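Here is a short tour to read alongside the model. Have the viewer open and follow along.

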Amino acid sequence: MTTKSKAAAQDAGYRVLSPADLSAAHGLRAFALDVLNGLSETPKRLSSRWIYDDEGSRLFSRICELDEYYPTRTEAEILRNHTEDILKRAGTDKLDIVDLGAGDGRKTNIMLEAALKQVKDVRYVPIDISEASMGGLVKNMRGKFAGLKVAGIVGEYFDGLHWLSQSNDRRNLVLFLGSNIGNFNKVQARVFLRQLWEALNDGDQVLIGFDLKKDIELLLAAYNDKHGVTAAFNKNLLKRVNRELGGDFDLAAYRHFATYDVFSGAMESYIVSLKRQTVTIRDIQSSFEFQEWEPLHTEYSYKYLQSDIDGLASNTGFKILDQYFDNNGWFTDSLWQVEKPSL
Ligand SMILES: C[S@@+](CC[C@H](N)C(=O)[O-])C[C@H]1O[C@@H](n2cnc3c(N)ncnc32)[C@H](O)[C@@H]1O
């Protein structure tokens, strides 16, 4: 999907603040620049945030349905059981539900349905870097919930924070679901949450989905499903480079590989070159050599202990109001409140 014109996006119910293909200062698009940088590094890397084009978003929706991929259904269970309580704690008539990295919003549905019953004036503000996801999401939400105010934003998380810092007349409940926080390492997570704290007002609340440390076999299966959907999702990064930047990655000559680092607590995803080969990418006028078995890093997904969550909240200025778990204790949605000293 190409970026829509400003007017067309407005009609579709969202604004585009920083589309992935906006020109960067040096004339290269942000995606192209990131590909150039990432493939020039040792070890090579490509950020997973570029996976979510039309095809990547579709593949991720299929991953959410897989038996092995427990995070979606466990978090849905948590929201089904605790949304009423979460909304009660927001305790307001005027609420913005801000969904950072909203994706297809399939779990947010649960919250919006309850919010329309419990809260007088509710507005839904999904923020996602993927315009492909946003178009479908806004359409679905408008179709499902007549009368729901939706103000979508296509942009980076940081655009979302900027937007938040400028709109301060309503109570915010910020959703950061699906273990999106896990894509940050622990330092990045702390910096991000402190920036979120700065953008919010005293009393605003944040609901963060943390994937918890658990049986390593469960983790490995979740990122190595037997139908190969996760492999296709990961390799979609290469396809996107081929499609949008004129790359010539031979997909059959690479494999998906996911592993768990017990020490850092991260599931790590890679694409591994099965032979010595050269890839040429027309739009960045560059070629890159891959040796046989050379890895290309694509994603981290950090898993948490309760003590990590407690430390993160207290180090970034939040108070943990409550902590909700699924029946297996595999995942938690942690409800935090912004605490700002009165000066
Ligand atoms: C794993 S999906 C989770 C979707 C949803 N929150 C859920 O729980 O199912 C991650 C979503 O975050 C978006 N995303 C990733 N990096 C982002 C960034 N830096 N800024 C904004 N959105 C981002 C992706 O486009 C994708 O839709």
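The notes below cover the basis of the model, the ligand site and the aromatic pairs.

## Basis

This is a predicted model, in which local features need pLDDT of at least 70 and side-chain atom pairs count only at pLDDT 80 or more, while totals for chains, interfaces and linings use all residues. Residues are numbered from 1 along each chain as its sequence is written, and side-chain values use heavy atoms, leaving out hydrogens and water.

## Ligand site

There are 16 residues around the ligand, and G101, K107, D128, E156 and Y157 come nearest (near means a heavy atom within 4 Å). Among the polar contacts (N or O pairs within 3.5 Å), an oxygen atom of the ligand is 2.6 Å from a side-chain N or O atom of D128. A ligand nitrogen atom lies 2.8 Å from a polar backbone atom of G101, and a ligand nitrogen atom is 3.0 Å from one of Y157. The protein buries 92% of the 600 Å² that the ligand exposes when taken alone (Shrake-Rupley method, 1.4 Å probe).

## Aromatic pairs

The model has 21 aromatic pairs (ring centres within 6.5 Å; planes under 30 degrees apart are stacked, over 60 edge-to-face, the rest tilted). Y69 and Y223 pair edge-to-face, at 6.3 Å centre to centre and 75° between the planes. Both Y69 and Y223 are buried (under 20% relative accessible area, 1.4 Å probe, protein chains only).

Technical notes:
Polar contact = N/O pair within 3.5 Å; in protein donor to acceptor, adjacent residues only side chain to side chain. Phe/Tyr/Trp six-rings, centres within 6.5 Å; stacked < 30°, edge-to-face > 60°. Buried < 20%, exposed > 50% of the residue type's maximum accessible area, 1.4 Å probe, protein only.
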